[in-house]
Structure formats: C-alpha cells, structure tokens
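Visitor: Could you walk me through this model and tell me what stands behind each term?
Guide: Gladly; let us look at it together.

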Amino acid sequence: MLLSTLWRLGLSGLFSLASCTAGAAPVSGYAFQSADTQALQDDPFMNPGMLWVDAGKALFNTKAGAANKACSDCHQTLEGTADKFPRLNPRTGALVNLTTQIQLCQLDQQQATPVAYESQAALALTSYVGHASFGRKWQPVTDPALATYLQRGAAYFSRRKGQLDLACGDCHVRSVGKLLRGDMISEGHSNGYPIYRLEWQSAGSLHRRLRSCDIGVRAEPRALGSQAYIEVELYLRQRAAGLSNETPAVRR
Amino acid sequence: MRTGVCHWLAAVATVATGSLLTSCATVEPALTDRQPPLVNAVGRYAQGEAVFNSRDSGHCVLCHQLANSRAPFQGNIGPALDGIGNRLDAAQLRFRIVDSRRLNPASLMPAYFNTNNLQQVATEFQGKTVLSAMEIEDLVAFLAAQQTPEA
C-alpha cells in the first residue's frame with residue numbers, strides 16, 4: 001500500500017513535469033499501469049490479448065465467402081500493415097481504419113458477410129494484423145490527402161462536449177498524472193489497440209474506449225467504426241508518433 | 001520549449017490566481033462571486049455528504065480530497081477542500097458549484113447547474129442540470145460546515 005502510494009507520487013511528479021514541456025516525447029499508457037498489469041502485458045503466454053491474436057491467425061488462414069478465399073491467399077506479409085491505418089482506401093477514397101478495411105475485404109474479396117465491429121471475430125482479426133507490427137515505431141502522418149481528416153480528429157479531441165463540458169485534452173493533456181478517484185490519468189495514447197482491458201474482462205477496440213470516454217462526460221457517443229471516430233483515431237496516431245506498437249496492450 | 005515554459009507559467013499563474021480567490025480573506029469578494037439560493041429550502045448536511053461522495057450524484061471525490069469524507073481513493077485534479085468553509089461562505093460556494101467557469105473560464109470543474117452553450121450532450125441529459133437546486137443547497141450546507149480551527 002505504502003509502496004504503491006510512493007510509486008504513484010513519484011510517477012505523478014514525473015508526469016506533471018513532462019506534461020508541461022511542449023514537444024516532449026509521448027509516454028505510453030503502459031507507464032501508468034501497476035507492475036502486475038505491466039507483467040501481464042509483457043509475457044506473451046500470460047497476456048490475455050494473445051487469445052484474440054491466436055484466434056485471428058486461425059480466421060486469417062480460413063477460406064470464407066462465395067469466393068472461397070482466405071485473407072492469407074492475398075496477404076502473405078503482415079509486418080507494417082497496421083502502421084498504414086487509418087488511410088484512404090485506394091479504390092473508394094473513403095477513410096478506413098484497419099477494422100473497416102477488413103470488413104471491406106470480406107465484402108469485396110471474399111464476397112462474405114463482413115464481421116460486425118467489436119465482434120469477437122473483428123477483434124481477433126484486428127489483433128492478429130495489429131500484433132504483426134508489434135514493436136514497430138509509429139511514424140508521423142505525412143500523407144497530405146489526410147490533412148483535413150487529421151484536423152477534424154484534432155478538433156474532436158480539443159472540443160469540450162457533453163453535459164460535463166469536458167474535452168479529451170482536459171484530462172489527457174492538462175491532467176496527466178493526476179488521480180480520478182484511484183485511477184491515474186494517462187496521456188491517452190492509442191498504440192496498443194485492440195487492448196485487453198481488465199475492467200472489460202475482454203479485448204476491445206479503440207472505438208469502444210472512445211465511446212466510454214464520451215459517455216463519461218455525458219456526451220452522445222459516436223458509432224463504432226464511424227467516420228468521426230476514425231478521424232480521432234488518425235489524430236491519436238499522429239499524437240503518439242514515436243511510441244511503439246504494443247498490440248495487444250493490457251490496461252486496468 | 002518556449003511554448004512549454006509559457007504553458008507552465010500560465011499553469012502557475014492559474015493556480016496562484018485560484019488560491020488568491022479562495023484563500024485571501026482580507027479581499028472583499030466581488031458581487032459576481034456570490035450566488036443567492038436556487039430554491040427556498042434549508043440545505044441538509046447528511047444529504048450534502050451523499051451528494052459529495054456518491055458516484056450517481058455530485059461525486060466530488062472523483063477530483064477533490066476531503067479528510068472528513070470517508071470515501072476511499074479520492075482524486076486530486078481539483079484542490080483539497082479541507083477547511084473550505086473558512087475560506088468561502090455559502091453564497092460563494094454556491095456560485096462555484098453552479099458554474100465555476102464564470103470565475104475562471106479555463107477551470108476543469110464542470111458547471112453543475114447550467115444547460116447553456118453545451119455541445120453533443122447525450123440524449124438522456126439534454127436540457128438537464130447535473131445537480132438539482134435542492135442537491136446544490138444540500139452540498140453547500142455540507143461544504144460550508146467544513147471548517148478547521150487553524151484556518
């Protein structure tokens with residue numbers, strides 16, 4: 001108890017200082033977890049998120065749909081794939097994230113019914129492809145075609161909303177290292193999704209987490225897989241540039 | 001880096017202004033610092049304590065600390081409220097609970113009795129205040145009683 005309090009005070013001081021320095025390197029949510037939670041993430045045999053990665057591998061290699069094709073029939077090398085999302089789909093020009101791209105592939109290439117967002121299959125496939133880029137450093141978003149979406153995502157992040165009239169940045173920029181009851185507020189980075197969240201007892205997507213935050217400030221949440229949330233996802237990717245992919249991260 | 005220092009200085013200035021507003025007893029508070037009662041009823045201490053602690057009500061301990069509150073894991077985003085009754089009278093407490101951003105627009109504290117100028121409010125909360133007028137009177141009674149002898 002004493003150790004945990006000391007640890008929190010130390011971390012609080014550290015991040016209060018860090019959050020005051022413009023342009024400081026981003027700090028992963030990993031640093032805000034207890035040692036037990038960090039250990040759970042670090043050991044691939046204990047990390048519960050690996051169950052979704054393994055299930056995703058099986059799905060990825062299974063033929064499906066009227067076209068009777070497996071994802072692996074087209075995609076042999078997956079390292080670096082997750083780094084490219086969100087991006088504009090080359091054929092439709094629509095902004096997609098990894099999960100909505102998987103849905104498009106299922107519809108167009110496999111001629112199958114796409115997995116529902118946040119379904120076990122969607123989380124599994126996204127976790128598998130995400131984990132294939134584990135450890136790779138996120139790069140800044142440079143595609144000029146994404147600039148408008150990036151700005152819209154940034155605006156969503158910084159706009160106060162809901163009955164409690166709070167912006168994402170009110171907590172995840174201005175209050176980093178402070179305590180909301182027992183929970184220390186992190187910088188709100190997205191570099192480990194899908195994550196295994198102990199509170200959920202499940203893997204979950206970034207969009208599920210965004211909905212939780214919006215509901216927390218009593219704002220009307222956006223839909224899973226919505227354009228609004230993919231724009232926020234794009235901004236969060238830019239904001240976390242320099243952090244490494246931790247998929248599947250474990251959080252409290 | 002220069003911007004960072006500016007932010008830091010701004011943060012210090014905000015904190016300094018905040019503590020001046022709340023702890024300098026010799027300064028005559030401005031008229032705009034006070035809010036008359038929202039309802040013609042006497043606030044109740046015990047109900048106010050429930051508003052302070054309950055997750056389904058004000059849940060002030062989410063961000064504030066108070067030694068007299070028995071709630072575990074108190075937050076520290078806002079200032080500690082021990083002895084707040086020495087520093088602010090009922091009308092001043094009520095003013096801050098109703099909408100603290102009238103004093104400091106950069107404050108993180110939500111307005112607990114306001115329905116104006118809000119965006120993207122969830123359907124179930126549209127047109128509603130976070131607390132009722134009576135809950136605010138109860139909370140004011142609880143906070144006004146938080147007095148420490150040394151303060």
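Visitor: How many cavities of 30 Å³ or more does the rule count?
Guide: The count is 1 cavity. A word on the ground rules: this is a predicted model, where local features need pLDDT of at least 70 and side-chain atom pairs count only at pLDDT 80 or more, while totals for chains, interfaces and linings use all residues. Residues are numbered from 1 along each chain as its sequence is written, chains are lettered from A and ligands numbered from 1 in the order written, and side-chain values use heavy atoms, with hydrogens and water left out.

Visitor: What makes a space a cavity and not a pocket?
Guide: On a 1 Å grid over the protein atoms alone, a cavity is a set of points where a 1.4 Å probe fits but cannot get out, whereas a pocket is an open set with protein on both sides within 12 Å along at least five of seven lines. The largest cavity holds about 340 Å³, a volume being the space filled by probe spheres set on the grid points, which are joined across faces, edges and corners.

Visitor: Which residues lie nearest the centre of the largest cavity?
Guide: They are A:Leu98, A:Thr126, A:Tyr193, A:Pro194 and A:Glu233, among 26 lining residues; to count as lining, a residue has an atom within 4 Å of a point. The helix α6(A) gives the most to this lining, with 4 residues.

Visitor: What is the volume of the second largest pocket?
Guide: About 490 Å³. Of its 25 lining residues, those closest to the centre are A:His75, A:Phe85, A:Gln101, A:Ile102 and A:Cys105. Here α5(A) gives the most, with 6 residues.

Visitor: Why is the pair A:Arg136 and A:Asp83 called a salt bridge?
Guide: The term asks for a side-chain nitrogen of Lys or Arg within 4 Å of a carboxyl oxygen of Asp or Glu. A:Arg136 and A:Asp83 are at 2.6 Å, N to O, so the pair qualifies. The two residues are 53 residues apart, in distant parts of the chain. Over all chains the count is 16 salt bridges.

Visitor: Which side chains form the salt bridge between chain A and chain B?
Guide: B:Arg101 and A:Asp165, at 2.9 Å, N to O. That value is within the 4 Å limit, so the name applies.

Visitor: How many residues does each chain bring to the contact?
Guide: Chain A brings 26 residues and chain B brings 33 residues, where contact means heavy atoms within 4.5 Å.
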